[in-house]
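Let me put the structure up, and then I'll walk you through a few spots in it.

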Amino acid sequence: MKIIEYGKANEEVLLLLHGGGLSAWNYRDAANQLKENYHVIMPQLAGHADSDCPFTSIENQAKEIIDYIDKNFKGTILAIGGLSLGGQVLIEMLAQRSDICKFAFIESALILPMKLTAALIAPVLGMSYGLIKQKWFAKLQFKSLKIQAKLFEDYYRDTCKIQKQDMIRFLKANASYRMKPSLSETTANVTIFVGSKERGNMRRSAELLHALIPNSKYQILNGYSHGELSLNHPNEYVELLINALSTGDEG
């Protein structure tokens with residue numbers, strides 16, 4: 001598993017899991033701020049650009065990162081954040097290991113399976129995959145994601161590196177994921193973020209997560225679309241994380 005690290009000299013570990021189709025640059029600006037006080041670790045999710053292994057499942061990806069934490073940090077770290085697919089991996093990690101972290105930040109994570117969407121991913125991508133390397137098409141896709149313009153070259157470079165079967169697998173996994181009942185046993189202090197402009201099933205997913213996870217916090221981000229918090233507003237993201245980390249023990 002490829003790992004990008006900032007602030008390695010710091011003791012407290014904060015791990016960030018990027019969104020599907022993205023890469024560590026998802027959190028680059030935030031990491032540059034957090035590295036002053038935290039050891040920031042950003043794994044490259046399987047099947048993504050420059051990853052050293054294909055994507056198989058959200059469950060397997062969660063286990064691999066848990067194994068990495070076991071090997072390098074004695075089984076638990078301070079905090080984990082995750083966006084979209086990365087948020088689903090984080091949810092699965094909390095379900096597999098109740099005490100994997102003290103704080104968790106789940107952003108825009110879907111837990112309501114979309115059967116029709118999942119069924120259409122392979123045939124649609126089969127027809128359109130060849131367009132991904134066309135810059136005009138990539139710009140249209142990028143614009144629809146509402147990601148800040150300065151990240152386009154990162155997005156285009158890394159999207160072109162994703163193999164078709166990996167893209168099909170992680171997109172289907174993203175559309176099909178269900179949270180596990182054991183998630184309710186997590187001891188982490190969990191904060192759930194969702195944008196007010198996100199699809200209804202995404203907002204409903206956040207509500208269900210909040211209902212299942214004891215003492216979790218749920219924040220609707222006014223005027224934000226999918227993933228805008230960490231991708232487009234890293235200063236705000238860092239402020240929210242640091243505030244939670246500094247006040248979480250006080251409830």
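So, a place to begin: where is the place of His48? His48 is in the loop between strand S3 (39-43) and helix H2 (58-73). Helices here are DSSP runs of H or I with at least four residues, strands are runs of E with at least two, and both are numbered from the N terminus.

Before I go on, the housekeeping. This is a predicted model, where local features need pLDDT of at least 70, side-chain atom pairs count only at pLDDT 80 or more, and totals for chains, interfaces and linings use all residues. Residues are numbered from 1 along each chain as its sequence is written, and side-chain values use heavy atoms, with hydrogens and water left out.

Back to His48. With a relative accessible area of 3%, His48 is buried; buried means under 20% relative accessible area, exposed over 50%, and partly exposed in between, using a 1.4 Å probe and protein chains only. What does His48 touch, if we don't count residues up to four places away in sequence? The list is His18, Gly19, Gly20, Gly21, Leu22, Leu85, Ile162 and Phe170. A contact, by the way, is heavy atoms within 4.5 Å.

Rings of Phe, Tyr and Trp (its six-membered ring) pair if their centres lie within 6.5 Å; planes under 30 degrees apart are stacked, over 60 edge-to-face, and the rest tilted. That rule gives 7 aromatic pairs. One of them is Phe55 with Phe170: the centres are 6.2 Å apart and the planes sit at 80 degrees, so we call it edge-to-face. Phe55 and Phe170 are both buried.

Another pair is Phe142 with Tyr155, and that one is tilted, at 5.3 Å centre to centre and 50 degrees between the planes. Phe142 lies in helix H5 (residues 135-145) and Tyr155 in helix H6 (residues 152-161), so the pair ties together parts that are 13 residues apart in sequence. Phe142 and Tyr155 are buried too. They also belong to one aromatic cluster, made up of Phe142, Phe152, Tyr155 and Tyr156.

In the loop between H5 and H6 you'll find Gln148. Buried or partly exposed? Gln148 counts as partly exposed, at 22% relative accessibility. Leaving aside neighbours within four places in sequence, Gln148 is in contact with Asp29, Phe142, Leu231 and Asn232. Take Leu231: Gln148 and Leu231 are 83 residues apart in sequence, yet 7.3 Å apart in space, C-alpha to C-alpha.

Now the strands. Why do I say strand S4 is largely enclosed by the rest of the structure? Because 7 of the 7 residues of S4 (residues 77-83) are buried. S4 pairs with strand S2 (residues 13-17) in the parallel sense, over 4 bridges, where a pairing needs at least two DSSP bridges between the strands. In that pairing Leu14 stands opposite Ala79 in S4. S4 also pairs with strand S5 (residues 101-107), again in the parallel sense, over 6 bridges, and Gly82 has Ile106 in S5 as its bridge partner. From S4 the chain crosses through helix H3 (residues 85-96) to S5, and this β-α-β crossover is right-handed (with the strands pointing away from the viewer, the path from the first strand over the helix to the second runs clockwise).

Most residues other than glycine have a negative phi. Ser84, in the loop between S4 and H3, has a positive phi near 55 degrees and is buried at 12% relative accessible area. Ser108 has a positive phi of about 55 degrees as well; you'll find Ser108 in the loop between S5 and helix H4 (115-128), buried at 3%.

Last, the zoomed-out view. The chain has 10 helices and 7 strands. Its radius of gyration is 17 Å, close to the 18 Å of the globule rule for 251 residues, so the chain is as compact as a globular protein of that length. That radius is taken over C-alpha atoms, and the rule is 2.2 Å times the number of residues to the power 0.38. And 53% of the 251 residues count as buried.
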